[in-house]
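Biologist: I am new to this structure and would like to learn how to read it. Could we go through it one feature at a time?

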Amino acid sequence: MTDTASSNRARASRAKGVSTRVAVHGVLAGYTLIAIFPVVLVILNSFKNRRGIFTDPLGLPGEGTFSLEGYATVLTQGDFATYFSNSLIVTVTALFLILLLGAMAAHALAEYRFRFNTLLGIYLILGIMVPIRLGTVAILELMVDLNLVNTLLALILVYTAQGLPVAVFILTEFMRTLSRDIKDCARVDGLSEYRIFFEVVVPLIRPVLATVAVFSMIPIWNDLWFPLILASGDATKTVTLGVQQFIGQYTVNWSAVLASLSIAILPVLGLYALFSRQLIAGITSGAVKG
Amino acid sequence: MSELTLQDVRKSYGEAKVIHGVDLQIKDGEFVVFVGPSGCGKSTLLRMIAGLESITGGDVVIGGEQVNDIAPADRGIAMVFQSYALYPHKDVYGNMAFALRHAGEDKAVIEDRVRKAADILGLQDLLKRRPKELSGGQRQRVAIGRAIVRDPEIFLFDEPLSNLDAALRVQMRVEILRLHQRLETTMVYVTHDQVEAMTLADRIVVLRDGRIEQVGTPLELYHHPENRFVAGFIGSPRMNFLAAERSGDGTTVTTQGSAPIEVPVSPRDTQGPVTLGIRPEHVELVAPGAGDLDARVLVAERLGGETFLHFDLGDEGDFVVKTDGGATHQSGDTVGLSFPPEALHLFDAEGMAFAPRERHALIG
């Protein structure tokens, strides 16, 4: 009697476990589908000709619709190699500066006691609430005065400024949780404050640096606003700006637009893969106490 | 030469004074323990010796040299931290070699010193492991090894055993004692655990609110506390205190309606309230009416080897008597409590102890 009762209960709880798992996976799969769908659509249609894109936008590229004309246009027309290297230079340099300066500022705010520490922290973080685009006119004037218009440096500086507030915010919060003992130990071991930062603190915050890098990277890579305003010359065009040449006032070369967008995903995907390895390494190392 | 002298050392953060003028002499090779409740400034004092906190006033002198403005690395000290503070991205060998590598020491010398330290601490087989692959006790051993490798004149320990579980703590305590016997280096050790203080120290420094309450050997502090705070802090369970009235030359007291008890201390004055102190292990249990006081047992805590009887004795609250494990007393029983005069302590209204007429036999 009790045996059947308990086995019934076990069966019921097992069934409940299965149904919960199905529900969870259903939600996750649904979300993944929604997130990936547009990307897949872009890639699929980049392999079709113009007629294929318009007659059957959701169809797979097949006989009569398969075409590499988009890619051919992208690779022959315009200077996409330059655009790509521009985008990469701007993104990677800005990222490097954001991480370096952000981590140093965060270290100072979290580690040292000085007057106006809190005030300085608030000032650095204020940028999160004020979109940098509000200052576009002033930035443009400044860049004109500095003779930086149509240089990659202009973009790098703007993106660094744009990324710093969030970076400082996240990194400061994390650095406050670092053990004070380990830095003191390095001091007793005779390290200078700079070497403590680079040799002790930076290795400890690597996973968070990766997180900040991923967060900061995407908006920089995808930005159209500042390249259009500050660096629209042919030599300094970024990928997102370069794509615009296929979007005319009357006709749009969709195959070329989609092909260039598909190619533009690749480098950012590579960078993401690089950082996410760090992310996962960070998560697992954090799981162990101490 | 690795004596350590603190001369009127002071520390304040803005208006808040944390250390109020500490004077202390630590001899070469001595093991000194700073003990006190949390917030008493013991860790701050240690960090000032290490050079991790600035010194507001006074001098810290190591080996005859004033080191107030000398960087931690150049003071000839090594420190072991409560949280081990191992570099997580370096293996055990890397952790132990780090300071020497940084100092530009010769590779062979580093290798030699790390091996020696690893031998002392039994870390030979763990040198290639990362800190996260070690147990708590192993991590603390690595932290100590890292200090040994630097061959310091003074070891500083900041609550090194607080993160370990009880069994490991006892084991590491013995290891630290053996280490001190072997190295014969001056050691300064901070803890809030009075058992650690009693077992490890050559001398204990009891701190409260940034002031030294008493300095002495463990047994001095146990048998002759200079004030009520030290009396209550050293010993477990803590000393019992009873309010008392005085008569005669001021050293004969009655408490809780007892017959007059003559406490063998030097008389000082005859007026004012006093407090009688006696440790739980010194109270003798006798038949009701035969002792100094009668009391009813509130609770009996049986630990097997020993039994703690709790009594409710008026305004001073919990009164504990330690007796052997075979005691048959039940909650609600009435027993007589007898106070051997030589085990009694007498404190004045400010908590200062009256000096005993005779020192304890174990103390020179």
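Predicted model: local features only at pLDDT ≥ 70, side-chain atom pairs only at ≥ 80, totals over all residues.

Biologist: Which residues does the domain assignment of chain B give to domain 1 and domain 2?

Modeller: Domain bounds come from an automatic or database domain assignment. In chain B, domain 1 covers 4-228 and domain 2 covers 238-347.

Biologist: What is the mean pLDDT of chain B?

Modeller: pLDDT is the predictor's confidence in each residue, from 0 to 100. Chain B has a mean of 90, with 99% of its residues at 70 or more. Among the elements of chain B, the highest mean pLDDT, 96, belongs to strand 3 (residues 31-35) of chain B, and the lowest, 86, to strand 12 (residues 252-254) of chain B.

Biologist: And what does chain A average in pLDDT?

Modeller: Chain A averages 86, and 94% of the residues score at least 70. Over residues 286-290 of chain A, pLDDT stays under 50. For that stretch the model has six contacts beyond four places in sequence.

Biologist: How many helices and strands does chain A have?

Modeller: Chain A has twelve helices and zero strands. Its pattern along the sequence is accordingly written as α-α-α-α-α-α-α-α-α-α-α-α.

Biologist: What share of the residues in chain A is buried?

Modeller: Buried residues are 29% of the 290 in chain A. As for contacts in chain A with a separation of 6 or more, 76% are between residues 24 or more positions apart.

Biologist: How many residues of chain A are in contact with chain B?

Modeller: On chain A there are 16 residues in contact with 22 residues of chain B. Helix 8 (180-188) and helix 9 (193-222) of chain A each supply at least two residues of the side of chain A that touches chain B. Helix 8 of chain A gives the most, with six residues. By type, the residues of that side of chain A are eight nonpolar, four polar and four charged.

Biologist: Which ipTM and pTM does the model score?

Modeller: The scores are ipTM 0.82 and pTM 0.80.

Terms used: Residues numbered from 1 in each chain as written. Chains lettered and ligands numbered in written order. Contact = placed C-beta atoms within 7 Å. Helix = DSSP H or I, 4+ residues; strand = E, 2+ residues; numbered from the N terminus. Nonpolar A, V, L, I, M, F, W, Y, C, P; charged D, E, K, R; others polar. Buried ≥ 20, exposed ≤ 12 C-beta atoms within 10 Å, placed from the backbone.
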